[in-house]
Amino acid sequence: MTVQRAQFDRAGHLRDEQGILDALRASPDARAIVVRDGRARIEDGTLVAVAPAEVAGDAEWALLGRREDGTPLLLAAVGREPDSIDAAPEETWLGVRDTGGMLAAADTELLVTAVALASWLRDARFCPTCGSETLLRQGGWSRRCERCGHDIFPRTDPAVIVAVESGDGERLLLGANANWRGRMYSCFAGFVEAGESLEATVHREIEEEAGVLLDEVRYVSSQPWPYPRSLMIGFRATASEKRRARPDGEEIIDVRWFTRDEIRSALQGEGPVGLPGPASIARALIIDWCDGRSLPERADGAQ
(Lines give C-alpha, C1' and ligand atoms only; values in the text may rest on other atoms or scores of the structure.)
Protein backbone atom coordinates (compact mmCIF):
# COMPACT_ATOMS: atom_id res chain seq x y z
CA MET A 1 0.00 0.00 0.00
CA THR A 2 2.74 2.45 0.95
CA VAL A 3 6.49 2.25 0.49
CA GLN A 4 8.02 0.09 3.21
CA ARG A 5 11.70 0.73 2.48
CA ALA A 6 13.31 4.16 2.34
CA GLN A 7 13.78 5.33 -1.23
CA PHE A 8 16.69 7.65 -0.50
CA ASP A 9 19.58 7.67 1.97
CA ARG A 10 18.90 10.16 4.77
CA ALA A 11 22.64 10.20 5.54
CA GLY A 12 22.13 10.60 9.26
CA HIS A 13 25.84 10.03 9.89
CA LEU A 14 26.61 13.34 8.16
CA ARG A 15 24.35 15.51 10.31
CA ASP A 16 26.87 16.02 13.12
CA GLU A 17 29.76 16.91 10.82
CA GLN A 18 30.97 20.42 11.59
CA GLY A 19 29.91 22.87 8.88
CA ILE A 20 28.18 20.23 6.76
CA LEU A 21 25.49 22.59 5.48
CA ASP A 22 27.95 25.29 4.44
CA ALA A 23 30.16 22.71 2.76
CA LEU A 24 27.30 21.20 0.77
CA ARG A 25 25.88 24.58 -0.20
CA ALA A 26 29.26 25.35 -1.75
CA SER A 27 29.58 21.95 -3.43
CA PRO A 28 29.03 21.89 -7.22
CA ASP A 29 27.57 18.38 -6.88
CA ALA A 30 24.86 19.18 -4.32
CA ARG A 31 21.26 19.90 -5.24
CA ALA A 32 18.47 21.59 -3.28
CA ILE A 33 14.72 21.01 -3.05
CA VAL A 34 13.08 24.42 -2.60
CA VAL A 35 9.87 24.47 -0.55
CA ARG A 36 7.52 27.40 -0.01
CA ASP A 37 4.03 27.33 1.45
CA GLY A 38 4.13 23.52 1.61
CA ARG A 39 4.84 23.19 -2.10
CA ALA A 40 7.84 22.35 -4.27
CA ARG A 41 8.51 22.60 -7.99
CA ILE A 42 7.32 19.69 -10.12
CA GLU A 43 8.07 19.55 -13.83
CA ASP A 44 7.24 16.71 -16.21
CA GLY A 45 6.31 14.47 -13.29
CA THR A 46 9.67 14.98 -11.55
CA LEU A 47 10.62 16.79 -8.36
CA VAL A 48 12.92 19.66 -9.37
CA ALA A 49 16.27 19.97 -7.61
CA VAL A 50 18.45 23.03 -8.26
CA ALA A 51 21.99 24.07 -7.46
CA PRO A 52 22.10 25.70 -4.00
CA ALA A 53 23.50 28.90 -5.56
CA GLU A 54 20.25 29.27 -7.54
CA VAL A 55 18.16 29.69 -4.36
CA ALA A 56 17.33 33.37 -4.03
CA GLY A 57 16.86 35.34 -0.84
CA ASP A 58 16.66 34.14 2.74
CA ALA A 59 16.17 30.41 3.32
CA GLU A 60 16.32 27.90 6.15
CA TRP A 61 18.64 25.04 5.14
CA ALA A 62 18.76 21.37 6.09
CA LEU A 63 20.39 18.16 4.89
CA LEU A 64 17.81 15.83 3.35
CA GLY A 65 20.25 13.06 2.41
CA ARG A 66 21.57 11.51 -0.77
CA ARG A 67 20.07 10.09 -3.93
CA GLU A 68 20.95 6.55 -4.97
CA ASP A 69 23.73 7.91 -7.20
CA GLY A 70 25.28 9.70 -4.19
CA THR A 71 24.09 13.23 -5.07
CA PRO A 72 23.82 15.26 -1.83
CA LEU A 73 20.35 16.73 -1.33
CA LEU A 74 19.56 19.85 0.65
CA LEU A 75 16.32 21.49 1.65
CA ALA A 76 15.84 25.22 1.18
CA ALA A 77 12.72 26.43 2.99
CA VAL A 78 11.86 29.89 1.67
CA GLY A 79 9.18 32.39 2.59
CA ARG A 80 6.81 34.55 0.57
CA GLU A 81 9.07 37.60 0.56
CA PRO A 82 9.58 39.05 -2.95
CA ASP A 83 13.29 38.24 -3.01
CA SER A 84 12.71 34.57 -2.12
CA ILE A 85 10.10 33.77 -4.78
CA ASP A 86 11.43 31.49 -7.47
CA ALA A 87 10.77 32.75 -10.98
CA ALA A 88 9.33 29.38 -12.04
CA PRO A 89 5.66 29.43 -13.18
CA GLU A 90 3.17 29.27 -10.34
CA GLU A 91 1.51 26.13 -11.72
CA THR A 92 4.75 24.16 -11.28
CA TRP A 93 4.58 24.58 -7.49
CA LEU A 94 2.66 21.60 -6.13
CA GLY A 95 2.01 20.04 -2.73
CA VAL A 96 1.61 16.45 -1.62
CA ARG A 97 -2.16 16.52 -2.22
CA ASP A 98 -1.58 17.60 -5.82
CA THR A 99 0.91 14.91 -6.78
CA GLY A 100 -0.86 11.64 -5.91
CA GLY A 101 0.33 9.00 -8.37
CA MET A 102 2.32 11.56 -10.36
CA LEU A 103 5.79 11.09 -8.85
CA ALA A 104 8.09 8.12 -8.54
CA ALA A 105 8.32 6.60 -5.05
CA ALA A 106 11.69 8.22 -4.32
CA ASP A 107 10.46 11.68 -5.31
CA THR A 108 7.26 11.23 -3.29
CA GLU A 109 9.25 10.37 -0.17
CA LEU A 110 11.58 13.31 -0.78
CA LEU A 111 8.67 15.71 -1.24
CA VAL A 112 6.90 14.59 1.93
CA THR A 113 10.12 14.84 3.94
CA ALA A 114 10.99 18.24 2.51
CA VAL A 115 7.54 19.72 3.12
CA ALA A 116 7.37 18.39 6.69
CA LEU A 117 10.86 19.55 7.60
CA ALA A 118 10.38 22.95 5.94
CA SER A 119 7.28 23.59 8.04
CA TRP A 120 9.19 22.81 11.21
CA LEU A 121 12.24 24.89 10.22
CA ARG A 122 10.20 28.03 9.67
CA ASP A 123 7.73 27.57 12.56
CA ALA A 124 10.02 26.48 15.42
CA ARG A 125 12.58 29.26 15.50
CA PHE A 126 11.95 30.12 19.14
CA CYS A 127 12.42 28.04 22.26
CA PRO A 128 9.11 26.80 23.73
CA THR A 129 10.63 26.94 27.21
CA CYS A 130 12.06 30.47 27.43
CA GLY A 131 11.16 32.11 24.12
CA SER A 132 14.73 32.75 23.00
CA GLU A 133 15.74 32.32 19.37
CA THR A 134 17.24 28.90 18.65
CA LEU A 135 20.23 27.76 16.60
CA LEU A 136 20.08 25.01 13.99
CA ARG A 137 22.09 21.87 14.70
CA GLN A 138 22.49 18.37 13.21
CA GLY A 139 22.25 19.48 9.63
CA GLY A 140 18.90 21.17 10.23
CA TRP A 141 17.32 18.27 12.16
CA SER A 142 17.39 19.85 15.61
CA ARG A 143 17.52 23.25 17.32
CA ARG A 144 19.35 24.29 20.47
CA CYS A 145 18.39 27.15 22.75
CA GLU A 146 21.67 28.73 23.86
CA ARG A 147 19.96 30.45 26.76
CA CYS A 148 18.39 27.50 28.57
CA GLY A 149 19.99 24.55 26.75
CA HIS A 150 16.68 23.13 25.52
CA ASP A 151 16.96 20.83 22.47
CA ILE A 152 14.07 20.80 20.00
CA PHE A 153 13.40 18.19 17.32
CA PRO A 154 10.88 17.91 14.47
CA ARG A 155 7.60 16.64 15.87
CA THR A 156 5.41 13.89 14.44
CA ASP A 157 1.81 13.50 15.61
CA PRO A 158 0.40 9.95 15.23
CA ALA A 159 -3.14 9.59 13.93
CA VAL A 160 -5.13 6.46 13.14
CA ILE A 161 -7.24 6.07 10.01
CA VAL A 162 -9.61 3.12 9.76
CA ALA A 163 -11.58 1.29 7.07
CA VAL A 164 -14.53 -0.35 8.87
CA GLU A 165 -16.22 -3.31 7.21
CA SER A 166 -19.34 -5.28 8.09
CA GLY A 167 -19.17 -8.65 9.83
CA ASP A 168 -19.63 -10.53 6.55
CA GLY A 169 -17.01 -8.37 4.82
CA GLU A 170 -19.44 -7.31 2.07
CA ARG A 171 -19.97 -3.64 3.04
CA LEU A 172 -17.70 -0.74 3.95
CA LEU A 173 -18.66 2.00 6.41
CA LEU A 174 -17.56 5.51 5.44
CA GLY A 175 -18.31 8.92 6.90
CA ALA A 176 -18.84 12.44 5.56
CA ASN A 177 -16.88 15.10 7.42
CA ALA A 178 -18.66 18.38 8.12
CA ASN A 179 -15.85 20.25 6.35
CA TRP A 180 -16.71 18.43 3.10
CA ARG A 181 -20.42 19.37 3.31
CA GLY A 182 -21.48 15.87 2.34
CA ARG A 183 -19.63 15.90 -0.99
CA MET A 184 -17.12 13.21 -0.05
CA TYR A 185 -17.05 10.09 2.12
CA SER A 186 -13.90 8.64 3.61
CA CYS A 187 -12.42 6.42 6.31
CA PHE A 188 -12.61 7.51 9.94
CA ALA A 189 -9.54 9.14 11.47
CA GLY A 190 -8.35 10.78 14.65
CA PHE A 191 -5.25 11.72 16.61
CA VAL A 192 -3.77 9.51 19.31
CA GLU A 193 -4.29 11.09 22.72
CA ALA A 194 -1.77 11.20 25.57
CA GLY A 195 -1.36 7.81 27.23
CA GLU A 196 -3.36 6.02 24.53
CA SER A 197 -2.34 3.03 22.41
CA LEU A 198 -3.02 2.91 18.68
CA GLU A 199 -5.59 0.15 19.16
CA ALA A 200 -7.40 2.05 21.90
CA THR A 201 -7.52 5.10 19.64
CA VAL A 202 -9.10 3.04 16.85
CA HIS A 203 -11.87 1.76 19.13
CA ARG A 204 -12.48 5.20 20.66
CA GLU A 205 -12.55 7.14 17.40
CA ILE A 206 -14.92 4.74 15.64
CA GLU A 207 -17.31 4.69 18.59
CA GLU A 208 -17.22 8.48 18.88
CA GLU A 209 -17.58 9.28 15.18
CA ALA A 210 -19.75 6.41 13.91
CA GLY A 211 -21.31 4.96 17.05
CA VAL A 212 -20.21 1.38 16.36
CA LEU A 213 -18.15 -1.10 18.36
CA LEU A 214 -15.40 -3.17 16.75
CA ASP A 215 -14.83 -6.91 16.93
CA GLU A 216 -11.41 -6.91 15.29
CA VAL A 217 -8.67 -4.45 14.37
CA ARG A 218 -5.74 -5.11 12.06
CA TYR A 219 -2.84 -2.83 11.15
CA VAL A 220 -2.36 -2.38 7.41
CA SER A 221 0.14 0.36 6.59
CA SER A 222 1.18 3.94 7.36
CA GLN A 223 1.73 7.20 5.54
CA PRO A 224 3.54 10.37 6.59
CA TRP A 225 1.28 13.36 6.01
CA PRO A 226 3.04 16.72 6.38
CA TYR A 227 -0.02 18.89 7.10
CA PRO A 228 1.50 19.90 9.30
CA ARG A 229 3.31 16.88 10.82
CA SER A 230 1.10 13.79 11.00
CA LEU A 231 1.83 10.11 10.62
CA MET A 232 -1.34 8.40 9.40
CA ILE A 233 -1.46 4.82 10.72
CA GLY A 234 -3.88 2.75 8.67
CA PHE A 235 -6.09 -0.04 10.02
CA ARG A 236 -8.91 -2.26 8.84
CA ALA A 237 -11.56 -3.23 11.36
CA THR A 238 -14.71 -5.32 11.59
CA ALA A 239 -17.82 -3.69 13.06
CA SER A 240 -19.82 -5.45 15.74
CA GLU A 241 -23.50 -6.05 15.03
CA LYS A 242 -24.40 -4.74 18.49
CA ARG A 243 -25.00 -1.14 17.42
CA ARG A 244 -26.39 0.70 14.44
CA ALA A 245 -24.00 3.19 12.83
CA ARG A 246 -24.80 6.85 13.40
CA PRO A 247 -22.79 10.07 12.89
CA ASP A 248 -21.68 12.17 15.85
CA GLY A 249 -23.45 15.15 14.23
CA GLU A 250 -20.51 17.50 14.74
CA GLU A 251 -17.37 16.33 12.98
CA ILE A 252 -19.16 13.57 11.02
CA ILE A 253 -22.53 14.60 9.54
CA ASP A 254 -23.39 11.29 7.85
CA VAL A 255 -22.30 7.65 7.83
CA ARG A 256 -23.20 5.13 5.17
CA TRP A 257 -22.59 1.48 4.32
CA PHE A 258 -21.34 0.89 0.76
CA THR A 259 -21.25 -2.27 -1.32
CA ARG A 260 -18.24 -3.14 -3.47
CA ASP A 261 -20.14 -2.20 -6.61
CA GLU A 262 -20.89 1.23 -5.16
CA ILE A 263 -17.25 1.71 -4.17
CA ARG A 264 -16.04 0.65 -7.62
CA SER A 265 -18.38 3.19 -9.23
CA ALA A 266 -17.20 5.92 -6.86
CA LEU A 267 -13.53 5.09 -7.56
CA GLN A 268 -14.27 5.58 -11.27
CA GLY A 269 -15.89 8.96 -10.54
CA GLU A 270 -19.38 7.72 -11.40
CA GLY A 271 -20.96 8.07 -7.95
CA PRO A 272 -22.81 7.61 -5.74
CA VAL A 273 -20.38 9.78 -3.71
CA GLY A 274 -16.93 11.31 -3.93
CA LEU A 275 -13.95 9.51 -2.43
CA PRO A 276 -10.51 10.75 -1.24
CA GLY A 277 -7.87 11.52 -3.87
CA PRO A 278 -5.00 9.22 -4.85
CA ALA A 279 -2.48 10.94 -2.56
CA SER A 280 -4.31 9.79 0.57
CA ILE A 281 -3.90 6.54 2.47
CA ALA A 282 -7.69 6.67 2.92
CA ARG A 283 -8.16 5.87 -0.77
CA ALA A 284 -5.58 3.08 -0.53
CA LEU A 285 -7.46 1.55 2.40
CA ILE A 286 -10.71 1.73 0.47
CA ILE A 287 -9.14 0.08 -2.58
CA ASP A 288 -7.53 -2.55 -0.34
CA TRP A 289 -10.97 -3.49 0.97
CA CYS A 290 -12.64 -3.31 -2.43
CA ASP A 291 -10.09 -5.61 -4.06
CA GLY A 292 -9.76 -8.01 -1.15
CA ARG A 293 -11.78 -10.17 1.17
CA SER A 294 -13.04 -9.85 4.71
CA LEU A 295 -10.50 -9.68 7.52
CA PRO A 296 -8.93 -13.07 8.30
CA GLU A 297 -9.49 -14.41 11.76
CA ARG A 298 -6.60 -13.87 14.11
CA ALA A 299 -5.32 -17.06 15.70
CA ASP A 300 -4.45 -15.23 18.90
CA GLY A 301 -7.80 -13.45 19.11
CA ALA A 302 -6.04 -10.06 19.46
CA GLN A 303 -8.02 -6.87 18.93
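I start with how to read the model, then take the strands, and finish with the aromatic rings.

This is a predicted model, in which local features need pLDDT of at least 70 and side-chain atom pairs count only at pLDDT 80 or more, while totals for chains, interfaces and linings use all residues. Residues are numbered from 1 along each chain as its sequence is written, and side-chain values use heavy atoms, with hydrogens and water left out.

Strands first. Strands here are DSSP runs of type E with at least two residues, and helices are runs of H or I with at least four residues, numbered from the N terminus. Two strands count as paired if DSSP finds at least two bridges between them. As background, strands of a sheet pair through backbone hydrogen bonds, either parallel or antiparallel.

Take strand 1, residues 31–36. Five of its six residues are buried, so strand 1 is largely enclosed by the rest of the structure. Buried means under 20% relative accessible area, exposed means over 50%, and partly exposed is in between, with a 1.4 Å probe and protein chains only. Strand 1 runs parallel to strand 5 (residues 72–78), joined by five bridges, and A32 stands opposite L74 there. With strand 2 (residues 39–43), strand 1 runs antiparallel over two bridges; here V35 faces A40. The hairpin of strand 1 and strand 2 has two residues between the strands, and D37 in that hairpin takes a positive phi near 50°.

Three strands lie in the order 7-8-9 with antiparallel pairing. Which strands stand at the edges? Strand 7 (135–137) and strand 9 (151–152) do, each with a single partner strand, so one side of each has no neighbour in the sheet. Three bridges join strand 7 to strand 8, residues 142–144, and R137 stands opposite S142 in strand 8.

Now strand 11. Six of its seven residues are buried. Strand 10 (residues 157–165) pairs with strand 11 in the antiparallel sense, over two bridges, and E165 has L172 as its bridge partner. The hairpin between strand 10 and strand 11 has five residues between the strands, and G169 takes a positive phi near 75° there. Strand 11 also runs antiparallel to strand 15, with seven bridges joining them; L173 is partnered by W257 in strand 15.

That brings us to the rings. How many aromatic pairs does a search of the whole structure find? It finds three. Rings of Phe, Tyr and Trp (its six-membered ring) pair if their centres lie within 6.5 Å; planes under 30 degrees apart are stacked, over 60 edge-to-face, and the rest tilted.

One of the pairs is Y185 with F258, edge-to-face, at 5.6 Å centre to centre and 75° between the planes. Y185 lies in the loop between strand 11 (171–177) and strand 12 (188–191), and F258 lies in strand 15 (residues 252–259), so the pair ties together parts 73 residues apart in sequence. Both Y185 and F258 are buried.

W225 and Y227 also form an edge-to-face pair, at 5.4 Å and 65°. W225 counts as buried at 15% relative accessibility, whereas Y227 is partly exposed at 26%.

Last, charges over rings. The criterion is NZ of Lys or CZ of Arg within 6 Å of the ring centre and within 35 degrees of the ring normal. R143 lies over the face of W120, 5.5 Å from the ring centre. The charged end of R260 sits over the ring of W289, 4.1 Å from its centre.
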